[in-house]
Amino acid sequence: MRDLWECAWRELKRRKGRTLTNIFGYLLAAAIMVVVVGALLYSKEATSSILNRVGTRFIAFVPAHIPSCPECSAKSPDEESEGFVAYGVATNLITNITNFVDKVKKLDTVYDASGYLLFRFKDQKDGHLFTVGGFDPDDFVVSKTCCAAKDIVKGRFLLPNDRGVVILEKAYAKLKKLKEGDEVTIAGSMFSVIGIVKPPIRPAKAEIYMHFDEAEQVINKRMGASSIHNEANVILIEVKSSKVQDEAITSMKNLLPGDYLVASSYACYRPAAKVMGINEDAAWLLTIIIGICAVILALKSQLSSVLERRRDIGILKAIGWTDGNVVSQILAESVLQAMIGGILGCLVAVAILLFVPIEMLSGIEAGAHIIISPWVLVLGFVLAFLGGIIAGSFPAFIAARQRPADALRSI
Amino acid sequence: MNVVDEITGEGDIFLECKDLRKSFTVKRKEIRVLRGINLSVNRGEIVVIAGKTGAGKSTFLGVLGGLERQTEGSVIFEGRCMEDLSHEELALLRRQKISVIFQNYNLLPSWTAYENVEAALLHIGMSKTARREKVKTLLNNLGLGERLDNLPSELSIGQQQRVAIARTLANEPALILADEPTGELDAETAQEIIEHLITPVREKGVTLVIATHGIFPLDISTRLFYMKDGTLVPQGSIQQG
Ligand SMILES: Nc1ncnc2c1ncn2[C@@H]1O[C@H](COP(=O)(O)OP(=O)(O)OP(=O)(O)O)[C@@H](O)[C@H]1O
Ligand SMILES: [Mg+2]
């Protein structure tokens with residue numbers, strides 16, 4: 001066995017130019033493959049880290065047009081424009097909300113959930129519509145779906161013991177020319193503005209935010225006879241990762257028998273995942289094409305080397321080398337080149353992945369970092385090895401088929 | 001083992017050809033090269049086959065060495081019909097028993113003298129050190145101890161031929177087929193080469209079949225044939241006549 005490799009190595013050293021060309025071919029193919037796979041893994045991680053920022057939360061509610069929903073109640077004040085809303089549609093209320101939220105929180109896929117009141121009022125003075133959001137500022141999910149302390153641009157965020165205070169969405173404050181310290185009247189109750197927020201895109205935004213129980217109170221004032229108690233029209237949900245969002249939505253819907261719950265803000269993340277980052281199929285195609293080219297190149301060069309050595313092979317056969325000996329010799333040469341090329345290619349790829357900003361290559365900048373998986377390196381090496389066998393097989397077959405007498409006569 | 005007894009021993013047929021025929025078909029035209037050769041060779045004999053160029057000497061040796069298949073007839077080597085052997089078995093036979101020296105192209109041009117001789121000892125499970133020892137001894141005996149690392153192109157024709165002989169002897173064959181081993185050599189060098197070839201015959205009872213187109217010291221042969229019209233015409237042995 002050792003003789004075989006030594007002999008192959010000797011032969012390769014003799015044909016330096018050809019050997020180096022072949023090795024370079026394998027090097028290129030292996031390096032490109034490893035880099036592409038590395039960039040692909042990076043792009044996947046980057047994509048999911050971006051999606052994790054936007055794709056892990058949604059809100060659920062029961063639209064008002066659905067009649068006879070169990071565990072729901074349809075309540076609304078007289079006027080058309082006022083009432084419980086979500087995404088601009090009128091909603092029903094989910095009764096016994098604390099119990100329901102507890103059930104949602106127990107789902108494996110759910111990280112946090114909370115009941116939320118989102119009610120649209122009509123300003124008695126100017127007739128403008130505005131929404132009031134009532135939440136528990138302690139709940140984590142609130143910071144992901146409505147607004148958070150870090151979104152404050154003026155003043156401060158709601159504290160658990162605050163009473164009679166609200167915070168305003170910046171656009172609304174601007175429209176109404178309100179500042180922190182000013183007063184707003186909602187359904188006849190006075191609230192003082194303690195902060196202005198400017199949250200990014202969130203699914204459950206309102207114009208005025210306040211404590212859940214105070215929201216309940218002002219809503220009840222407006223509702224008159226049909227007051228609400230332990231009810232909410234929206235559930236805010238944060239899932240554990242964007243990958244399980246579908247699962248979370250399905251299991252959450254099952255908690256309320258019948259297809260009543262509507263989950264929102266999730267349909268957009270899938271197409272987003274598709275356009276973000278490197279196109280995976282194209283990357284694989286490219287890698288495969290380069291791999292095939294490298295193998296064809298090596299095959300061609302091995303073949304012409306075998307044809308050049310026609311007489312040599314004839315002599316070796318004439319002095320007692322079997323067809324098997326000749327085949328293993330040619331294969332060993334091919335595989336040796338492939339292995340050297342494969343190893344060098346992996347090294348080059350690692351260097352590229354470490355020193356070239358792959359963020360540029362994949363078109364995404366995100367908190368993700370390059371992963372050089374040892375498996376990718378093993379794969380690169382194994383594929384180079386297989387390439388060597390494939391490239392060597394046909395020339396070896398040609399060499400084995402050659403009869404010594406024919407080879408020796410041609411002089 | 002008494003070598004002389006073997007040479008003269010009548011019944012010990014080592015190599016036998018029976019109505020051996022070989023033809024080539026080129027562009028649908030049949031070229032009949034060997035047209036019924038009958039020959040029995042005893043162990044330790046030196047058989048010289050002379051003949052004009054194109055007579056079919058090389059073809060004949062090729063068939064004897066299993067490099068080429070005959071069209072008809074049979075070659076029996078040590079009691080075994082060579083036409084029944086597979087390519088693999090023929091290769092093993094050449095590795096162990098039959099050595100061939102070619103007319104022109106004997107050595108691998110990119111391999112050194114050492115490597116060319118060693119080639120015959122690869123794949124037989126011999127250790128590297130044993131191989132080295134053997135190759136060095138062989139080349140030393142042929143006066144090439146200093147030229148181990150030379151490529152064939154760096155050697156004279158005579159030296160190249162000696163390397164080929166060293167390789168031939170490496171396997172300690174029972175039969176050596178030499179096709180024009182002295183073809184392009186001056187008389188003196190040719191004589192040397194022949195000495196090297198017949199030494200194993202004298203010492204180890206090796207059988208030697210030599211093809212030549214005439215300028216060959218025929219006096220060493222035990223039997224001489226002239227190849228004509230694809231058959232062997234016995235010329236008697238020079239020693240006898
Ligand atoms: N593969 C082949 N195809 C066709 N014809 C062949 C083939 N091999 C040999 N011949 C023919 O067989 C004949 C004998 O050739 P061979 O080489 O055996 O002659 P030779 O006696 O060795 O001649 P020389 O003394 O010149 O070496 C020639 O006419 C040659 O053209
Ligand atoms: Mg000839």
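A polar contact here is a pair of N or O atoms within 3.5 Å; within protein, one must be able to donate a hydrogen and the other to accept it, and residues adjacent in sequence count only if both atoms are side-chain atoms. The views below come from a predicted model, in which local features need pLDDT of at least 70, side-chain atom pairs count only at pLDDT 80 or more, and totals for chains, interfaces and linings use all residues. Residues are numbered from 1 along each chain as its sequence is written, chains are lettered from A and ligands numbered from 1 in the order in which they are written, and side-chain values use heavy atoms, with hydrogens and water left out.

**View 1. Polar contacts of ligand 1 with chain B.**
Let's start at the ligand. An oxygen atom of ligand 1 sits 2.7 Å from a polar backbone atom of B:Gly54. Taken alone, ligand 1 exposes 630 Å², of which the protein buries 73% (accessible areas by the Shrake-Rupley method with a 1.4 Å probe; for residues, only the protein chains shown count as cover).

**View 2. The shell around ligand 1, which lies between chains A and B.**
The ligand is surrounded by 16 residues, the closest being B:Thr53, B:Lys57, B:Ser58, B:Thr59 and B:Gln103 (a residue is near if one of its heavy atoms lies within 4 Å). By type, the shell holds 5 nonpolar, 7 polar and 4 charged residues (Ala, Val, Leu, Ile, Met, Phe, Trp, Tyr, Cys and Pro count as nonpolar, Asp, Glu, Lys and Arg as charged, and the others, Gly among them, as polar). With 3 residues, α2(B) gives the most to this shell (helices, H or I with at least four residues, and strands, E with at least two, are DSSP runs numbered from the N terminus).

**View 3. The open sheet of 6 strands in chain B.**
Follow the order β6-β7-β8-β3-β9-β10 and you will find mixed pairing (two strands pair if DSSP finds at least two bridges between them). β6 (98–101) and β10 (231–234) of chain B are at the edges with a single partner strand each, so one side of each has no neighbour in the sheet. From one strand to the next, the twist averages 20 degrees (axes are lines fitted to C-alpha atoms, for helices over the stretch in contact, and angles run from 0 to 180 degrees between N-to-C directions).

**View 4. The two ends of that sheet, at β6(B) and β10(B).**
At one end, β6(B) and β7 (residues 175–179) of chain B pair in the parallel sense over 4 bridges, and B:Ile98 has B:Leu175 as its bridge partner. Helix α6 (residues 157–170) of chain B lies across both β6 and β7, at about 170 degrees to β6(B). At the other end, β9 (residues 223–228) of chain B pairs with β10(B) in the antiparallel sense over 4 bridges. Their hairpin has 2 residues between the strands, and B:Asp229 takes a positive phi near 50 degrees there.

**View 5. The open sheet of 4 strands in chain B, with antiparallel pairing.**
Here the order is β2-β1-β4-β5. The edge strands, β2 and β5 (80–81) of chain B, each pair on one side only. Between β1(B) and β4 (residues 72–77) of chain B there are 5 bridges, and B:Lys18 stands opposite B:Ser74 in β4(B). Helix α2(B) packs on this sheet, touching β1, β2 and β4 of chain B, with its direction at about 120 degrees to that of β1(B) (contact means heavy atoms within 4.5 Å).
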